[in-house]
Amino acid sequence: MKSGLTSHTVLKQLAGGIALAFILSGCTTGKATTEAPLPVEQAQLTAPPLVPPPISRKGPAKVVVDLEMVEQEMRLSDGVTYEFWTFGGTVPGSFIRIREGDTVEFHLKNRHDSHVAHNIDLHAVTGTGGGAEATFTLPGHKTQFTFKALNPGLYVYHCAMAPVGMHIANGMYGLILVEPEEGLPPVDREYYVMQGDFYTEGGYGEPGLQPFSLEKAVDEHPTYVVFNGSEGALTGDGALTADAGDKVRLFVGNGGPNLVSSFHVIGEIFDRVFYEGGSKYQENVQTTLIPAGGAAMVEFTTDVPGNFILVDHSIFRTFNKGALGILSVDGEVKPEIYTGQQFSGEYPEAEAGDQ
Ligand SMILES: [Cu+2]
């Protein structure tokens, strides 16, 4: 009897709710209104230093992301290899680009030849563990969860399996960009750069396959500090390129696991830095701090040609541990902005002290 009454009350409330919704919606047809299903699209992922194209959609979509976790030996430096653990077979992992308000159906796969289980914590996720709990994935298995991208920004993702530090130190991190609803202003070049610190049993430059050193990692004494997973990844044939006059946007992340990066481009000034990957920008910046597990978007115009060197300005990391990349800019010299050397010669002792 009691339950019958309760049901009746609920029904009445429900009917009242529907009537109220009917009035508020101004509906005159008498049909229930339902939201149109979201368009479905497959996320286009890119390997660093490439970035997927800007999103031209003006509304939200259901975006399907397929990401495979791969453990494989790859080059860390000349003559040095390392057993990397990766998202998508690269360090950093595949770049993911979505739009604020998108619903993301995330499929995570762990390859059959993996030795351990992995998962993913995306800093762009609002929900337990950033997805980590939902994506515990044994070798040869796949998992799935769905999240809504509530906040725009540039976010790090990483593996969060214990021991977390070791999974990150082995290369399990990457970036996901959640474009704001209005999109990002168009630029001529976009690149994906991510710093990471590596800990090997052998010293810097010691050849061969180098095992992970837990002791060095705990002490926070990296053997290598590099951009995009290996020393020289962004030099030579791997150098970033631009033409003089281009507007360049770098999506810069720091996987850590330990170090904070003092990111700087020698010979350039950042016109804008969206510090910490957020929505506000600072202007006219020389060096920006990028925390472990954090990111920044930096924008500048390449006014003059030359080789512009990406560094961690904690500078021994650059010249003794590998944190050096190159942006090679082609174009006409502009002596009104930069002359190059105008004189080199003797400085006679007699001139010293002359006023
Ligand atoms: Cu992992």
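This note goes through a predicted model in numbered points, from the chain as a whole to its copper site, its core and its sheets.

1. Basis of the note. In this predicted model local features need pLDDT of at least 70 and side-chain atom pairs count only at pLDDT 80 or more, whereas totals for chains, interfaces and linings use all residues. Residues are numbered from 1 along each chain as its sequence is written, and side-chain values use heavy atoms, with hydrogens and water left out.

2. The chain overall. The chain holds four helices and 21 strands, where helices (H or I, at least four residues) and strands (E, at least two) are DSSP runs numbered from the N terminus. Of its 355 residues, 45% are buried, a term that means under 20% relative accessible area, with exposed over 50% and partly exposed in between (1.4 Å probe, protein chains only). Among contacts (heavy atoms within 4.5 Å) between residues at least 6 apart in sequence, 69% join residues at least 24 apart.

3. The copper site. Which atoms coordinate the copper ion? They are ND1 of His 118, SG of Cys 159, ND1 of His 167 and SD of Met 172, at 2.0 to 2.6 Å; donors are N, O and S atoms within 2.8 Å of the metal (3.2 Å for Na, K and Ca), and water is not among the atoms, so sites may look incomplete. Along the chain these donors follow the spacing H-x40-C-x7-H-x4-M. His 118 lies in the loop between S5 and strand S6 (121-122) and His 167 in helix H2 (residues 164-169), so that this pair, 49 residues apart, links distant parts of the chain. Both histidines count as buried, His 118 because its relative accessibility is 0% and His 167 because its value is 2%.

4. Asn 110 and its surroundings. Asn 110 belongs to strand S5 and counts as buried because its relative accessibility is 3%. Leaving out residues up to four places away in sequence, Asn 110 touches Met 69, Val 116, Ala 117, Thr 137, Leu 138, Pro 139, Gly 140 and His 141, and also His 118, which is one of the copper ligands. The C-alpha atoms of Asn 110 and Gly 140 are separated by 5.5 Å, although the two residues are 30 apart along the chain.

5. The largest nonpolar core. A nonpolar core is a set of buried Ala, Val, Leu, Ile, Met, Phe, Trp, Tyr and Cys residues joined through side-chain atoms within 4.5 Å. The largest one has 28 residues, of which Phe 87, Ile 96, Ile 98, Phe 106, Leu 122, Phe 147 and Ile 176 touch the most other members. Two or more residues each come from several strands, including S2 (62-77), S3 (80-87), S5 (103-110) and S7 (142-148), and S2 gives the largest share, four residues. Phe 147, apart from neighbours within four places in sequence, is in contact with Ile 98, Asp 102, Thr 103, Val 104, Phe 106, Leu 122, Ala 124, Val 125 and Ile 176.

6. The four-stranded sheet. An open sheet with mixed pairing has the order S4-S9-S8-S6, and two strands pair if DSSP finds at least two bridges between them. S4 and S6 stand at the edges with a single partner strand each, so one side of each is left without a neighbour in the sheet. On S9, Tyr 173 stands opposite His 158, and S8 and S9 pair in the antiparallel sense over six bridges.

7. Strand S8 itself. Is S8 enclosed or exposed? Six of its six residues are buried, so S8 is largely enclosed by the rest of the structure. Gly 153, Tyr 155 and Tyr 157 point one way, while Leu 154, Val 156 and His 158 point the other way. In a regular strand the side chains alternate between the two faces of the sheet.

8. The five-stranded sheet. A further open sheet, also of mixed pairing, runs in the order S13-S21-S20-S15-S18. Strand S13 (240-243) and strand S18 (287-290) stand at the edges, each with a single partner strand, so one side of each lacks a neighbour in the sheet. Neighbouring strands of this sheet are turned by 20 degrees against each other on average, direction ignored, with axes taken as lines fitted to C-alpha atoms (for helices over the stretch in contact) and angles running from 0 to 180 degrees between N-to-C directions. Six bridges join the antiparallel strands S20 (residues 306-312) and S21 (residues 324-330), and Ile 309 stands opposite Ile 326 in S21.
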